[in-house]
Amino acid sequence: MTERSINWFRFSSPQTFYPLAGKMVPWFAAAAAILAAIGLYVGFFVAPTDFQQGEAYRIIFVHVPASWMSMFIYLVMAGWAAVGLALNSRLSGMMASALAPTGAMFAFLSLWTGALWGRPTWGTYWVWDARLTSELVLFFLYLGFMALQAAIDDPRRADKAGAVLALVGVVNIPIIYFSVKWWNTLHQGASVSLARAPTMATIMFTGMIVMVLAFWMYSIAVSLARVRAIILERERHAAWAQALAGAAA
Amino acid sequence: MSWGSAAEFFAMGGYAPFVWGSFAVVALCLIVEPLVVRARHRNALRRLKQVQRAAQGMQREAAV
């Protein structure tokens, strides 16, 4: 090992991560705002009207990013939970707790915007088809994770119990993702896939991807901000946190 | 651009309740969540100061 190599474990201490996260939040928040402005402009003023769905299709500019983030955040949350179980690092559990509310919000937004898109397009707000039901299960998994953590007083034990729940729930993610292939669902198949070109107009696809990036940056910013609050809540008896409060007073 | 006027834009081809109902709720959530997080952070700082003051009070009593 050379002397220049970075000791990444140093950042796994809440004390060093707290100011680092504080420096990162404004950058990710600014990126989210700029990308959202571009994405909304493309979505509303550049992308043309869909010849089948009319203007209702514009809902996908928020529906698809919200749905993707709800699944992706779950994977990241479960990843941190697994790291926490394996290495017993304090910060991992805090990261998992910080991601859950944002993930739950995106799962809710996915269902909400999906319902408002489904009504004019399918003629119904809700059907119990595989895609919609598994996304609803994802929403409940997030709520269950948060409720379980809130019910246990000792944060380290809450982390462990939550981690087990989060890891068991991971099985739901491929079910959501492949549901439109495995079952005959009312929800349409994937418009975007790594294996082939997207089955939508390039400009619509561009607007959607920019919105996905905006939501991604937003998620990073808000969960880093939340993990800072969680660090202070849990470390309030630590000397460094006391010094920080003294400096802020 | 597919809009002749502002009214046409807001009408969204007759799908206004669905389109704006989606975007409004998304916007509301993405604005409120950071505010909630900021309030949580401030609360955490306030509690830290309380813990600190309590500790200082105990030190002073011990000195007396």
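The contact between the chains draws 35 residues from chain A and 26 residues from chain B, two residues being in contact if their C-beta atoms, placed from the backbone, lie within 7 Å. On the side of chain A that touches chain B, two or more residues each come from helix H2 (60–87), helix H3 (90–122), helix H7 (202–234) and helix H8 (239–248) of chain A; helices are DSSP runs (H or I, at least four residues) numbered from the N terminus. H3(A) gives the most to this side, with nine residues.

This is a predicted model, in which local features need pLDDT of at least 70, side-chain atom pairs count only at pLDDT 80 or more, and totals for chains, interfaces and linings use all residues. Residues are numbered from 1 along each chain as its sequence is written, and chains are lettered from A and ligands numbered from 1 in the order in which they are written.

H3(A) has 33 residues and reaches 47 Å from its first C-alpha to its last, close to the expected 48 Å, which is 1.5 Å times one less than its number of residues. A kink of about 25° lies at Ala100(A), shortly before Pro101(A); the bend is the angle between axes fitted to the seven residues ending there and the seven starting there. After H3(A) comes Gly123(A), with a positive phi near 90°.

Because 25 of its 33 residues are buried, H3(A) is largely enclosed by the rest of the structure; buried denotes 20 or more other C-beta atoms within 10 Å of a residue's own.

Notes. Buried ≥ 20, exposed ≤ 12 C-beta atoms within 10 Å, placed from the backbone.
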